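Please keep the sequence and the model open while reading.

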Amino acid sequence: MVDRKVRVLIAKPGLDGHDRGAIAVAQGLRDAGMEVIYLGLRLTPEQIAEAAIQEDVDVIGMSCLSGGHLTLFSKTMDSYRKKSNKKVVFIGGGIIPKKDVPKLQNAGIAGTFGPGTPIHEIVSFIKAELGKISDDKED
Amino acid sequence: MAELKERRKEFRTTVDGILVDRVYSADDVPENEVDTSPPGEYPFTRNIMPAGYRTRLWTMRQYAGFATVEETNQRYKYLYQQGQTGFSVAFHLPTQMGYDSDHPLALPEVGRVGVAIDSLKDMEDLWNGIPLGEVSTSMTINATAPIILAMYIAAAEKQGVAQNQLMGTVQNDLLKEYVARNTYIFAPEPSMRLTTDICSYCARNMPKWNSISISGYHMREAGATAIQEAAFALANGIAYVQAMIDRGMDVDSFAPRFSFFFAAFTNLFEEVAKFRALRRVWAKIMKERFNAQNERSMMLKFHVQTGGCTLAEQQPLNNVVRVAIQALAAVLGSCQSLHTNSYDEALALPSEEAVQLALRTQQILAYESGVADTVDPVGGSYYIEWLTNRIEEGVQQYIATIDKMGGALEAIKRGYIQREIRRSAYNHQKAVDAGDQVVVGVNKYTSEEPLDLELLEIDESVARKQIERLQKLKSGRDKEKVRQTLEKVRQVAESTENIMPALIEAVKAYATVGEISDALRGVFGEYKEPSLL
């Protein structure tokens, strides 16, 4: 495989405007050597999926603090899978109650990161998850 | 000074904050920097009122609203019966963004972060059983503030209460929305026009209503330092005052109804000094720059909310202590009203039990701590006076920089304020990640024990119920009247006339938030934020 930078899309689905976390993660991942596309606010799941495909990303990060995460994250993942067969790592952030985490995992999210998460934890997580995907390919 | 090995190489109030010395003495507050003004006198450093909380305690105003108007009305009625007379309405995001509950973008958000208001019918039911002539209501609403205020006026009229009797506040501060919070719909210029439409309408018709709440809070939450929060809010305040003067209004006709909104974080002394400095700087701006004659125009009155982003998801009970310190800062800083956050808010919307503990925190401060019994009890402390002066300097420097750019609107359009805040936010994150800034339970004294909290859940049925309400409303109204009043809104939006009277007519015809916002979108278009990353 050609050694290229990990490509990450960070976006905020829904109407929530709290973007401090999403921006901090975007900056942190960029500083960690990843290629980050910050798509911004108030996007529909379809818009995020479309952009992820066009940008050929490896990771899709979604952030929501308004309580709409179950619907919005799931729809984004569905929409992406309908349009692309490429395996990507889905991660989520924001105010995510613990009991919602298994539901999100069932829907396909690899990890969720709440307030107070150090960026390096997210970096290691992404690397480990991408490792799993490339192992799958070699199998 | 003796060679003592100190814990750290340097001490700062916060990351990127003020460098703090070992000890402060009279030498640190030279004669030309001593502020001897008494409370209630210009520049109001100590308090805008001469007797502070001895005449009246601050208003304990908890921000609340969820699900449909029925649930929220029950909550408000209960609070009213318990003696609460100050309400603070949280609206769900679709209302804030000008979408009806049945819009595809609205669906996942209905009733989540606040109450769903689609039409005047919802507003009438929200206040059912609560006499609007007797309570004061603060409404956190910005892009759709003119529509929501029109609904409040119309709902009160139905109760038989005239608009000149209404007491309360609309946030109505759009400039900070482009920097933080992000619930703008239109571009900055049309937003400025709508904001000042409200301010001048209130100046003429609603003498007891605060027409704007200029907010540093959201910028702080987005990462600003204390100095940046203060400076950027005051810079926005300057822009609003100037815009009103440019409309031909006399400064003293509207400035007494301008109010502010700030955060209280955990560095106790920095926060107290910030509030003192804010009062002094605003008074000087109003007197020296705008030639205000009425002292009320110079008085900075403000609401405080404790710092949402200081709440940690880990060991959530620690947040109770953080909130108590922050609330103490707000009270020592002589705020007019205060919202204390609930300890579970990094995990979910707050539960009833957590909200009650937050309110009790204020009551303990008010009735047990004794801090409200004398005005500005920390005034005269060498450290506090020095810190107040340093914050004033920092704020004045930022304001001078923003003036040079042509004012706050221009600075925001260039992305200057956004970049300053993002830099601070990122430096803070790096300092926490590196352990230089200790957050107990997060990067030090961490523990694994998971705590099971009872969290608030918003039922999926809320959206369905709200959409049924909306459909019922739409089928029962006079369609021709809706069409005519919306057409009038469009015409007025295209002119320079004040939008408020046309909006009041439209909401009375039961035109919805979404329909009216669409009419305005047709004239003003929608704003898409430029990418600054």
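The second largest cavity is lined by residues of chain B: B:Asn319, B:Val320, B:Val323, B:Asn341, B:Ser342, B:Tyr343, B:Ala354, B:Leu357, B:Ala358 and B:Thr361. Two elements of chain B each give two or more residues to this lining, helix 12 (318–332) and helix 13 (352–367). Helix 13 of chain B has the largest share, with 4 residues. No charged residue takes part in the lining of the second largest cavity; the classes are 6 nonpolar and 4 polar. The volume of this cavity is about 50 Å³. Keep in mind that this is a predicted model.

The structure holds 3 cavities of 30 Å³ or more. Rolling a probe the size of a water molecule over the atoms shows where empty space is left.

| Cavity | Volume | Lining by class |
|---|---|---|
| Largest | about 100 Å³ | 7 nonpolar, 2 polar, 3 charged residues |

Which residues line the largest cavity? From chain A come A:Asp19, A:Arg20, A:Ile23, A:Ala24 and A:Gln27. From chain B come B:Val179, B:Ala222, B:Gln418, B:Ile421, B:Arg422, B:Ala425 and B:Tyr426. Two elements each give two or more residues to this lining: helix 1 (20–31) of chain A and helix 16 of chain B. Helix 16 of chain B gives the most, with 5 residues.

Now the contact between the chains. The interface joins 37 residues of chain B to 34 residues of chain A. Between them the two chains bury about 3000 Å². Carbon and sulfur atoms account for 55% of that area.

How many salt bridges does the rule find across the interface of chain B and chain A? The count is 1. Its partners are B:Arg422 and A:Asp19, with N to O at 4.0 Å. Side chains of opposite charge can pair when their charged atoms come close. Both B:Arg422 and A:Asp19 are also listed in the lining of the largest cavity.

Between chain B and chain A, 11 residue pairs are in polar contact, counting pairs with both residues at pLDDT 80 or more. On the side of chain B that touches chain A, the elements giving two or more residues are helix 2 (93–97), helix 7 (217–221) and helix 16 (416–434) of chain B. Helix 16 of chain B supplies the largest share of that side, 6 residues. By class, that side has 19 nonpolar, 6 polar and 12 charged residues. Helix 16 of chain B also gives the most to the lining of the largest cavity.

Over all chains the structure holds 49 salt bridges. One of them pairs B:Asp35 with B:Arg280, with the closest N and O atoms 3.1 Å apart. This pair links distant parts of the chain, 245 residues apart. B:Asp35 sits in the loop between strand 2 (19–20) and strand 3 (59–60) of chain B, whereas B:Arg280 belongs to helix 10 (residues 268–289) of chain B.

Two backbone details remain. Where is B:Pro43 placed? B:Pro43 lies in the loop between strand 2 and strand 3 of chain B. A cis peptide bond joins B:Tyr42 to B:Pro43, with omega at about 0 degrees. The other detail is at B:Arg181, which has a positive phi of about 75 degrees although B:Arg181 is not a glycine. B:Arg181 is found in the loop between helix 5 (175–179) and helix 6 (188–205) of chain B.

Definitions and conventions: Residues numbered from 1 in each chain as written. Chains lettered and ligands numbered in written order. Predicted model: local features only at pLDDT ≥ 70, side-chain atom pairs only at ≥ 80, totals over all residues. Heavy atoms only, no water. Contact = heavy atoms within 4.5 Å. Buried area = accessible area lost by both parts, 1.4 Å probe. Salt bridge = Lys/Arg side-chain N within 4 Å of Asp/Glu carboxyl O. Polar contact = N/O pair within 3.5 Å; in protein donor to acceptor, adjacent residues only side chain to side chain. Nonpolar A, V, L, I, M, F, W, Y, C, P; charged D, E, K, R; others polar. 1 Å grid on protein atoms, 1.4 Å probe; cavity = no way out; pocket = protein on both sides within 12 Å on 5 of 7 lines; lining within 4 Å. Points joined across faces, edges and corners; volume = space filled by probe spheres on them.
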